[in-house]
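I opened the model to go through its loops, strands and ligand site. My notes follow in the order I looked things up.

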Amino acid sequence: MTEINKVEISPNGPILSRLAQGYWRLAEWNMTAQERLTFMKQHLELGVNCVDHADIYGNYQCEKLFGEALKLDASLRDKMKIVTKCGIHLQSNPSHPPKINHYDSRAEHIIDSVNNSLSRLQTESIDLLLLHRPDFLMDADEVAGAFETLCASGKVKHFGVSNFTPSQFLLLQSRLDTPLATNQVEINPLRFNAIEDGTLDLMQQLGIRPLAWSCLAGGEIFTSQTEQAVRLRRTLNELAIELERPMEQIIYAFVHSLPSRPISIVGTGKIERVKSAIEALSLTLNQEQWYRIWVANKGHGVP
Ligand code: NAP
């Protein structure tokens, strides 16, 4: 089994395993609390210590399902790093449902969200809190104040963002005394936004590893019948045969080969597939192999 080491996600940031487990789909896995606990323990045995949550996952149910399992063996808490997110207000919010889904990065909402997440996760602190989506009404000074309050109370150790553009990232950073630890963004062979819009350039410049979500495009990369997806699968399959690795490992290697050195978040509920993602850490693509995937995404050669 490939050794999975721990890395500092950013200068003075939290130390995380090079792969994280995402819990967005936890409510769909229909696991008992004991099965969830076993799944969590298996990750720790494999060296995957980072878990990715958001307050809204599973309509506010996933953190709760995770916390229930964690309570069965509280000694696991100190062995893991918990990432969670806030800043989206869904109509499914059980305590105060809004009329429409919207973003909210007011200090009051951030602090309330964290308190609710702590109680659902049955823990005293969050290792890394992310603002889930850029809020067009975000007042960076107000967010900075909320972060300071949460840090001073010991409820949150590190802060970061998700789905932020470089300018949104730099705006918020300009009001903070401590560096943002990461930007969690979508990276996969179907969607190149973060690769092309300067997001990953900024991460490389600042020495920050992005957290990569939906590296397999949520499974769509294996099933979509669009011309682009079919073309990509053909290339990925050729590389899989040449490199004697399963197709998903080629995809993870495509993400890991990026110079901003992303940490990928796996979304599967199957431990065998987590093991395959770990094996992918020993694979890097050379320039030509990486660009074969680029060409398959675009449907034409480099200019
Ligand atoms: P993903 O790895 O792209 O997709 C996982 C899905 O693909 C699962 O339904 C899985 O099914 C399926 N799948 C099919 N073949 C697979 C294979 N060979 N290996 C692994 N999975 C395969 O990840 P994701 O769930 O979309 O996202 C991962 C995590 O990123 C989430 O849990 C969440 O923590 C985070 N996320 C963040 C944001 C954000 O805005 N910040 C957005 C989306 C996600 P099985 O379970 O049956 O294996």
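**Entry: N30.** I began with N30, which is exposed because its relative accessibility is 67%. Exposed means over 50% relative accessible area, buried under 20%, and partly exposed in between, with a 1.4 Å probe and protein chains only. N30 sits in the loop between β3 and α1. Its phi is near 50°, a positive value in a residue other than glycine. Most residues other than glycine have a negative phi.

**Ground rules.** This is a predicted model, so I kept to its limits: local features need pLDDT of at least 70, side-chain atom pairs count only at pLDDT 80 or more, and totals for chains, interfaces and linings use all residues. Residues are numbered from 1 along each chain as its sequence is written, and side-chain values use heavy atoms, with hydrogens and water left out. Helices (H or I, at least four residues) and strands (E, at least two) are DSSP runs, numbered from the N terminus.

**Entry: A217.** Next I looked up another positive phi. A217 has phi near 55° and is not a glycine. This residue lies in the loop between β11 and α9 (220–223). Is A217 buried or exposed? A217 counts as buried because its relative accessible area is 5%.

**Entry: the barrel.** I then traced the strands. In which order do the eight strands close into a barrel? The order is β3-β4-β5-β8-β9-β10-β11-β12, with parallel pairing. From one strand to the next, the twist averages 30°. Two strands pair if DSSP finds at least two bridges between them.

I checked some of the pairs one by one. Strands β8 (residues 126–131) and β9 (residues 156–162) run parallel and are joined by five bridges. There, L131 stands opposite V161 of β9. β11 (residues 211–213) pairs with β12 in the parallel sense over two bridges, and A212 faces S264 of β12 across that pairing. β3 and β12 are also parallel, over three bridges. Q21 is opposite V266 in β12.

**Entry: β12 and α12.** I looked at both faces of β12. I263 and I265 are buried on one side, S264 and V266 on the other. In a regular strand the side chains alternate between the two faces of the sheet.

Helix α12 (residues 271–279) lies across β3 (19–22) and β12 (263–266), at about 155° to β3. For that angle, axes are lines fitted to C-alpha atoms, for helices over the stretch in contact, and angles run from 0 to 180 degrees between N-to-C directions. Which residues of α12 are buried? They are I271, V274, S276, A277 and I278. Their cover includes β3, α1 (33–46), α11 (247–256) and β12.

**Entry: S162.** I went back to β9 for S162. S162 is buried because its relative accessible area is 1%. Its side chain makes a polar contact of 3.1 Å with that of N163. A polar contact is a pair of N or O atoms within 3.5 Å; within protein, one must be able to donate a hydrogen and the other to accept it, and residues adjacent in sequence count only if both atoms are side-chain atoms. Beyond four places in sequence, the contacts of S162 (heavy atoms within 4.5 Å) include L131, H132, N183 and W213.

**Entry: S10.** S10 is in the loop between β1 (6–8) and β2 (15–17). S10 counts as buried because its relative accessibility is 4%. S10 and A181 are 171 residues apart in sequence, yet their C-alpha atoms are 5.5 Å apart. A polar side-chain atom of S10 lies 3.4 Å from the backbone oxygen of A181.

**Entry: the ligand.** I finished at the ligand. Which of the 27 residues around the ligand come nearest? They are R25, D52, S214, T268 and K270. A residue is near if one of its heavy atoms lies within 4 Å. A side-chain N or O atom of R25 is 2.6 Å from a ligand oxygen. A polar backbone atom of G269 is 3.0 Å from an oxygen atom of the ligand. The protein covers 89% of the 900 Å² of accessible area that the ligand has on its own. Accessible areas come from the Shrake-Rupley method with a 1.4 Å probe; for residues, only the protein chains shown count as cover.
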